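Please consult the sequence and coordinates alongside the text.

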Amino acid sequence: MKKFYCLLSLTMILSASMKAQVREGGDPKLSEVWQPEPRVVTPGRTSQDAPSDAIVLFDGKDLSQWQGAKGGDAKWKSQDGYMEVAPGTGIIQTKKAFGDCQLHIEWRTPDAVKGEGQGRGNSGIFFMGLYELQVLDNYHNRTYSNGQAGSIYKQSMPLVNVCRPPGEWQAYDIIFTAPRFNNDSTLKSTARITVFQNGVLVQNNFSLWGGTEYIGIPVYKVHAEKLPLALQDHGNPVRYRNIWIREL
Ligand code: MG
C-alpha cells in the first residue's frame, strides 16, 4: 500500500512538473523511459513462423512434446508435417505446463465432409486443460453460435464466422491470461482470452466465466498457476500443424 502511495505521489509530482515544462516550452526528455529495455526477440520469417523465444510444441516431425491426458504416449497420427486426431485414442496434452501465453496453432478439418452441427470436424484447444477454444468446421455448417469455431465453448460466440472451407488450413493466434486465485481458493481474477482466426479478431479480451462445461453453468475451481495445454479428441480426424507458444 505504502509503495502504491509513493508511486502515486511520484506520478503526481512528475505530471505536475511535466505540465509546467510543457507550459514553458518543455523538455521532451522528461517523458522518455529508458529502463527497462525490452529484450531482443528475432521474429519468424513470416508471422506464422515461431519467433526466437517460442517453445515449438509441434514442428511437423513427432509428438515428443505431447502425451496422453491419462498418461502414456500421445497416440495421435503424426506424418507429412501434421498431426491428426486418431479417433477414440483420447485427449492429448503438452508435457510442459503453461499459464499466461501467446499461442499459434494451425488446424484443418477433414476435406471429406461428414456429419453436421457439432459432429463435423470437431476438436478443441483447451488452455490449462480446462478452457476450450472450439475447433469445428463451420463453413456452411450451422450450430449454436456459442459452440461454433472461434467460440469459447458455451461462453462466448465469435465476433464473426471467418472459417475457411473444409480441407483448408486455418490459423489461430491467441493471447491467454490465466485466472488468479486468492490464498483462500476464491477467485482473484478471471481467465481472459483474445483470439485471431485467420488474422481476423474473433474474441476480444473475453473474461471467461469458469472452466468449460458441456452441461450447466461454468464455475471456477482453484487450480495450479500452470497446467498443460490439451487438444480434444471429439471423434473426428482433425489435423494440427505449426504449433508454438510463448510464455508471457
Ligand atoms: Mg470441441
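The sections below treat the basis of the model, a metal site and a set of paired strands.

## Basis of the model

The model is predicted: local features need pLDDT of at least 70, side-chain atom pairs count only at pLDDT 80 or more, and totals for chains, interfaces and linings use all residues. Residues are numbered from 1 along each chain as its sequence is written, and side-chain values use heavy atoms, with hydrogens and water left out.

## Magnesium site

Asn122 (OD1), Ser123 (O), Glu132 (OE), Gln134 (OE1) and Gln232 (OE1) coordinate the magnesium ion at 2.2 to 2.4 Å. Donors are N, O and S atoms within 2.8 Å of the metal (3.2 Å for Na, K and Ca); water is not among the atoms, so sites may look incomplete. Along the chain, the donors of the magnesium ion follow the spacing N-S-x8-E-x1-Q-x97-Q.

Strands (E, at least two residues) are DSSP runs, numbered from the N terminus.

Glutamate 132 counts as buried because its relative accessibility is 3%. Glutamine 232 also counts as buried, at 12%. Buried means under 20% relative accessible area (1.4 Å probe, protein chains only).

## Strand pairing around strand 12

Strand 9 (residues 170–177) and strand 12 (residues 192–197) run antiparallel and are joined by 6 bridges. Aspartate 173 has phenylalanine 196 in strand 12 as its bridge partner. Two strands pair if DSSP finds at least two bridges between them.

Strand 12 also pairs with strand 13 (residues 200–207), in the antiparallel sense, over 5 bridges; here glutamine 197 stands opposite valine 200. These two strands form a hairpin with 2 residues between them, and asparagine 198 in the turn has a positive phi of about 50 degrees.

Terms used
Buried means under 20% relative accessible area, exposed over 50%, partly exposed in between (1.4 Å probe, protein chains only). Helices (H or I, at least four residues) and strands (E, at least two) are DSSP runs, numbered from the N terminus.
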